[in-house]
Amino acid sequence: MGDTETKADRYPLPRTFEEFNEQRRASFIRVKDFKQAGGRLVGYLCSYTPLEIIDAAGASGVALCGTSDEVIPAAEATLPANLCPLIKSTYGFASSEKCPFTFFSDIIVGETTCDGKKKMYELLDELKPTHILHLPQGRGRAYERDAWYEECRLLKERLEELYGITITDGDLRSAVRRRNRMRRAMTALYNLQAAEPPAMSGVELMSTMFAATFSFDVEEFTVKLEALAAERRAQYEAGERPVPADAKRLLVTGCPIGGVINKIGRTIECNGGVVVCADDCSGERTQASLIDEEAPDILRAISDRYLDINCSVLTPNAGRMDNTLKMIEKYHVDGVIESVLTACHTFNVEAALMERAVEGAGVPYMKIETDYSAGDQGQIDTRIGAFIETL
């Protein structure tokens with residue numbers, strides 16, 4: 001750093017910063033301050049990303065998946081229009097420099113979950129260093145678990161090289177303990193929805209969990225989750241009932257829910273329903289899975305835990321349907337709505353298997369294929385309202 005260069009110059013804001021609204025400017029300043037204080041920031045884009053390795057590097061992992069159609073027109077200048085909105089939104093926020101987390105990330109960790117994503121990462125790497133985790137096609141063959149273990153090891157080495165550090169087994173175990181505590185806190189909140197009526201709005205719960213992906217401090221956010229669970233439990237025991245007793249209990253499954261929390265979730269809860277379970281890849285299906293803190297090979301325990309996540313990109317993937325049926329029973333579900341993002345072929349094809357499993361258990365099922373735009377909101381309102389009336 002030259003004598004005339006200030007500390008602030010190390011992390012300049014985007015050229016278009018003054019055009020942002022107040023909330024976005026505040027977010028940029030918050031992340032900028034974090035970086036200037038010496039914080040390490042790693043962006044990630046999937047539930048398969050082994051967050052404990054990022055934590056063990058002394059870095060904060062933040063989710064970068066786009067959840068808005070705001071930047072999709074800009075993304076379509078490069079990407080095809082008939083692509084998943086999550087992919088287009090993610091790239092659009094990066095290329096337009098409108099996401100503070102992407103803008104200030106030291107590195108982005110991607111994964112080969114789908115063809116659209118893995119090719120988009122090649123373009124993203126031109127904007128920001130991007131490390132790609134090569135996800136196996138399945139997990140039934142021994143070499144697939146070994147291959148994923150190697151991917152986790154390579155990520156560890158990439159972060160060590162990036163930050164000039166050594167990540168020890170002790171660092172990994174400490175990270176596992178912190179993440180396990182956070183997941184227990186999440187599960188405690190999920191469990192409150194099993195009450196009849198549930199202890200909180202599903203939109204509130206989904207929004208709370210979504211916020212966790214933007215927290216720089218795992219322990220701090222865990223304390224907030226624990227406090228919220230204790231507060232909602234105490235309020236419920238005191239007789240407070242924020243959800244009407246006659247609200248129909250819905251399980252929402254399918255693609256990542258972050259971009260359609262309001263479009264699907266709020267619509268359900270404005271039409272006589274309540275979301276008692278968000279069974280997407282960042283929901284209870286994933287968060288309930290812990291890591292053995294005393295495993296002899298802690299990196300192996302981490303890699304195995306992540307490969308065991310049930311996602312439509314793996315084949316076969318019967319575990320996802322099995323888990324959904326368990327959630328239906330646990331949360332006394334009246335109906336299932338599957339939300340599929342446009343052009344997400346793996347979830348769209350697997351929806352046939354989900355429908356068969358759900359209706360085979362005697363529970364009504366409906367699939368909604370949508371994107372991040374508001375163009376089909378009226379149609380979705382009508383369909384969800386009619387579905388809930390039949391329950």
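Okay, so of the 391 residues in this protein, 53% count as buried, where buried means under 20% relative accessible area, exposed means over 50%, and partly exposed is in between, using a 1.4 Å probe and protein chains only. Bear in mind that this is a predicted model: local features need pLDDT of at least 70, side-chain atom pairs count only at pLDDT 80 or more, and totals for chains, interfaces and linings use all residues. Residues are numbered from 1 along each chain as its sequence is written, and side-chain values use heavy atoms, with hydrogens and water left out.

Overall picture. There are 16 helices and 8 strands in the protein; these are DSSP runs numbered from the N terminus, H or I of at least four residues for helices and E of at least two for strands. The radius of gyration is 21 Å, close to the 21 Å that the globule rule gives for 391 residues, so the protein is as compact as a globular protein of that length. That radius is taken over C-alpha atoms, and the rule is 2.2 Å times the number of residues to the power 0.38. The C-alpha trace spans about 70 × 50 × 45 Å along its principal axes.

Now the sheet with β1 in it. It's an open sheet of 4 strands, ordered β2-β1-β3-β4, and the pairing is parallel; strands pair if DSSP finds at least two bridges between them. At the edges you have β2 (59-63) and β4 (130-133), each pairing on one side only. The twist from one strand to the next averages 25°. Angles here run from 0 to 180 degrees between N-to-C directions, with axes fitted to C-alpha atoms, for helices over the stretch in contact.

Let's look at β1. Of its 5 residues, 4 are buried. It pairs with β2 over 5 bridges, and Val42 has Gly61 as its bridge partner in β2. With β3 (residues 107-111), β1 (residues 40-44) pairs over 3 bridges, and there Gly43 has Ile108 as its partner.

Which helices lie across this sheet? Helix α6 (residues 115-124) lies across β3 and β4, at about 160° to β3, while α7 (residues 142-163) lies across β1, β2, β3 and β4, at about 165° to β4.

On to the other sheet. Here 4 strands form an open sheet with parallel pairing, in the order β6-β5-β7-β8. β6 (273-279) and β8 (365-370) are at the edges with a single partner strand each, so one side of each has no neighbour in the sheet. The twist averages 30° from strand to strand. Strand β5 (residues 248-254) is joined to β6 by 6 bridges, and Val252 stands opposite Ala278 in β6. Helix α15 (residues 345-360) packs on this sheet, touching β5, β7 (335-341) and β8, and its direction makes about 165° with that of β8.

Last bit: the inside. A nonpolar core is a set of buried Ala, Val, Leu, Ile, Met, Phe, Trp, Tyr and Cys residues joined through side-chain atoms within 4.5 Å. The largest one has 90 residues, and Tyr48, Leu159, Ile264, Ile268, Ile337 and Ile384 touch the most other members. So what is Ile337 in contact with, leaving aside its neighbours within four places in sequence? Its partners include Leu250, Val252, Ile264, Met366, Ile384 and Phe387, with contact meaning heavy atoms within 4.5 Å. Apart from that core lies another, of 36 residues, including Val218, Leu228, Met327 and Val333.
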